[in-house]
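Student: Hi! Could you walk me through this model?
Tutor: Happy to, here it comes.
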Amino acid sequence: MQPGTHFSFGDHKEHGFVASFTSLIPQHLAHWFLEREQFEPVPGEPGLYRLSDPERDGVRRTRQAVHDLRRHGYTVQADIRLNPALSTGPPRPVRPHGLQERRSRLAQAAAGRTTQRSTTPTTSLPSARPIPPKPTYAPTVHLTAAASGRSR
């Protein structure tokens, strides 16, 4: 295994597609990542995880797990057929601290001024109707009483 490796993926005769992690990553974090990638702990084999339902497109799902972990900045070693970098085209560069850089850019953008909030226009529109002034008198309303019937 290469120095600095966080995860390792491969084939196992008995368990199918397996993954393990090194001491460079905390055990609880490795467990969390591998479970999200549909790997489950192998009973009696500490640190070894197997892909759940390997018959259901196991090679693609394992390649996807390798790809996802690399995208998060982890160093992953994988067998040739499980390595998406060697089987689907040229590898893309992975920035180890991309999340921190993205957060920094978002914080700078949030602190800056925006052009989306604009002030209300001070000039009136030419097609707008003028609002009539309020009357200075109180209008008189004459009510007639009903001759018969109940009042409401």
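Student: What percentage of the 152 residues of the protein count as buried?
Tutor: Of those 152 residues, 24% count as buried, where buried means under 20% relative accessible area, exposed over 50% and partly exposed in between, with a 1.4 Å probe and protein chains only. This is a predicted model, where local features need pLDDT of at least 70 and side-chain atom pairs count only at pLDDT 80 or more, while totals for chains, interfaces and linings use all residues. Residues are numbered from 1 along each chain as its sequence is written, and side-chain values use heavy atoms, with hydrogens and water left out.

Student: Which residues of helix α1 are buried?
Tutor: In α1, residues 27-36, they are Ala30, Phe33 and Leu34. Helices (H or I, at least four residues) and strands (E, at least two) are DSSP runs, numbered from the N terminus.

Student: And what covers them?
Tutor: The cover includes β1 (7-12), β2 (16-21), β3 (39-41), β4 (48-51) and α2 (58-71), counting contacts as heavy atoms within 4.5 Å.

Student: New topic: how many salt bridges are there?
Tutor: There are four, each a side-chain nitrogen of Lys or Arg within 4 Å of a carboxyl oxygen of Asp or Glu. One of them pairs Arg50 with Glu40 at 3.1 Å, N to O. Arg50 lies in strand β4 and Glu40 in strand β3, so the bridge ties together parts 10 residues apart in sequence.

Student: Which residue does Arg71 bridge to?
Tutor: Asp68, with the closest N and O atoms 3.6 Å apart. Arg71 is exposed at 52% relative accessible area, whereas Asp68 is buried at 11%.
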